[in-house]
Amino acid sequence: MRATEAGELRADIRFWRRSRRTLSLGEALQDLYIGVFAVLMLGSMLVSVLVNLSDVGDRACVASDCAAARSLLPWLVVGTLLAVLWSLARMVGPVAVSPGVAAWLLPSPVDRGELLRGRARGTTLLAAALVAPVAAGAAVLAGYGVGTMALFTAGAAGLSSYGVGALVHAQASARGSHPARLLGLVSLLAVGAGLGAIAVSRAPEVTTGPVVRVASMVALGLLGAGVATVLVRAGVLAARLRRRDVAPGGALVPGLGGALATLDLALMFDVLVAHANSRRGSVRPRRGGPSGLAALAWRDVIRLRRQPGRLVLLAGSLVVPYAVAAVGGRVVVVLVEVVVCFVLVVPFLVALRVLTRSSGMARMFPAGLGATRAAAVVVPGTLLVVHGLLSAPALHRTIIAPAADLALLGAASGVGGLAAGVRWVTGRPPDYGRPLVSTPAGGVPTNLYGSVLRGVDIAVLTALPMLLSPTSGGAVVSLAVSVGVIGYLCSRRST
């Protein structure tokens, strides 16, 4: 079918959708006005906060190590964002279609390049729109000038677009090992190298001299040419895409939208885990191992052998508390360690998540509910305690205390992160049987908004005793609170 016929088919579908819409033009303009007003108001507030924080940083950051770390801040922030963005694009697919399009349009004899070209270009430009504001805010915090900030923002936006375009090429490639599939990993390694340089006080200070500006403009021009080439070739690359390449990502988006509509981030994690497992397919079964409740812990060990990247990421995150200590973080290192453990322990608690949301699965075990769930926490807890103990020397830079107290603080930080992770994965879904709060969006359960802060509350609660008293006494109180929270959550019923 000719390209014009594909355009006519899209026009017919667009007419069918618009003829059955229920939103009037006045309501749409009212929503647009509210959205634009909110963006302008919140944006001005954010710009004011960033400028004030930049002025505070100029006065407080006078040491050479602090100045070098601050100059690297935009690069670390943008590198982390690019790693997350490219990983999500790799998981969902830079080009994805809805189940309706996959069922009705893709099997039809139309020009697939003409059909998917707009989606490929839109995803490429959307990446730039997401990265540019974050890059500009990070540049303002680092004290960059207007010209340098504009160059840095344009470069970050162009790099994100070029990376997504490369992922489109990898999605259309028949080979399974395309180099672009490693973009997220490469960006994450670069961020780790930057944090490591800060941790050992060897971070180079980024200068903005004339030579650097000329080189940046040349690199930006080359990057712009690459982005333009990607946009021009979007139709050719989209024509190579197969239905099995673009359909799974489109089926994933409704599940993520439903989870975000209920503000249930744990449910969103379940959707992503199910999608990743479906893409992975089958695994080789492992027989043998201990019996009883120890078998649950043994299954976690087998998962580590199948996915060693999670263990590598947990080990690489040790540079974060050392980098915070190198720039004078003082006792804030404890809070950072708890938050890092909380974020990274969630993938290790998949078994606990299954035992929490599947009550039938938990009843199949001969032991009690609390003991069964506690067995699923043994391996993640051991990893986090080791992580906390290895981060204890970072406290030695900023806290004058005996080695035993520092080790106890490190262990308490790891257990606090575990308690926050257990709180996150064992959270209950929204209960629509409770009294509802009337909102413009309809009736909302009372426990819906609290789900956003789930896990964060326990992280702050367990870190607070150590922040107030960075001694063995504060660590003991934090350990008692963490163990109490884990015990209660493991023995609590799901409903």
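1. Let me begin with the second largest cavity, whose lining is made up of A120, R121, T124, V168, V230, L231, A234 and L237. The elements that each give two or more residues to this lining are α5 (112-141), α8 (210-232) and α9 (234-239). Of the contributors, α5 gives the most, with 3 residues. Please keep in mind throughout that this is a predicted model.

2. What is the volume of that second largest cavity, and how do its lining residues divide by class? The volume is about 40 Å³, and the lining divides into 6 nonpolar, 1 polar and 1 charged residues.

3. How many cavities of 30 Å³ or more does a search of the whole structure find? The search finds 2. The largest cavity holds about 90 Å³ of space.

4. Around the largest cavity you will find D300, R303, L304, Q307, R310, P347, F348, V350, A351 and V379. Two or more lining residues come from each of α12 and α16 (350-357), and the largest share, 3 residues, belongs to α12. By class, this lining has 6 nonpolar, 1 polar and 3 charged residues.

5. Helix α12 (residues 294-306) packs against helix α19 (residues 378-396) at an angle of about 60°, and their axes are 8 Å apart. Angles of 65 to 115 degrees would count as roughly perpendicular; α12 and α19 are therefore oblique to each other.

6. Which residues bring these two helices together? On the α12 side they are A297, D300, V301 and L304, and they meet V378, V379, P380 and L383 in α19. The contact has 7 nonpolar, no polar and 1 charged residues.

7. Is P290 buried, exposed or partly exposed? Its relative accessibility is 39%, so P290 counts as partly exposed, given that buried means under 20% and exposed over 50%. Leaving aside residues up to four places away in sequence, P290 touches A295 and W298.

Note on methods. Residues are numbered from 1 along each chain as its sequence is written. This is a predicted model: local features need pLDDT of at least 70, side-chain atom pairs count only at pLDDT 80 or more; totals for chains, interfaces and linings use all residues. Side-chain values use heavy atoms; hydrogens and water are left out. Axes are lines fitted to C-alpha atoms, for helices over the stretch in contact, and angles run from 0 to 180 degrees between N-to-C directions. Helices (H or I, at least four residues) and strands (E, at least two) are DSSP runs, numbered from the N terminus. Angles under 35 degrees count as roughly parallel, over 145 as roughly antiparallel, 65 to 115 as roughly perpendicular and the rest as oblique. Contact means heavy atoms within 4.5 Å. Ala, Val, Leu, Ile, Met, Phe, Trp, Tyr, Cys and Pro count as nonpolar, Asp, Glu, Lys and Arg as charged, and the others, Gly among them, as polar. Buried means under 20% relative accessible area, exposed over 50%, partly exposed in between (1.4 Å probe, protein chains only). On a 1 Å grid over the protein atoms alone, a cavity is a set of points where a 1.4 Å probe fits but cannot get out, and a pocket is an open set with protein on both sides within 12 Å along at least five of seven lines; lining residues have an atom within 4 Å of a point. Grid points are joined across faces, edges and corners, and a volume is the space filled by probe spheres set on the points.
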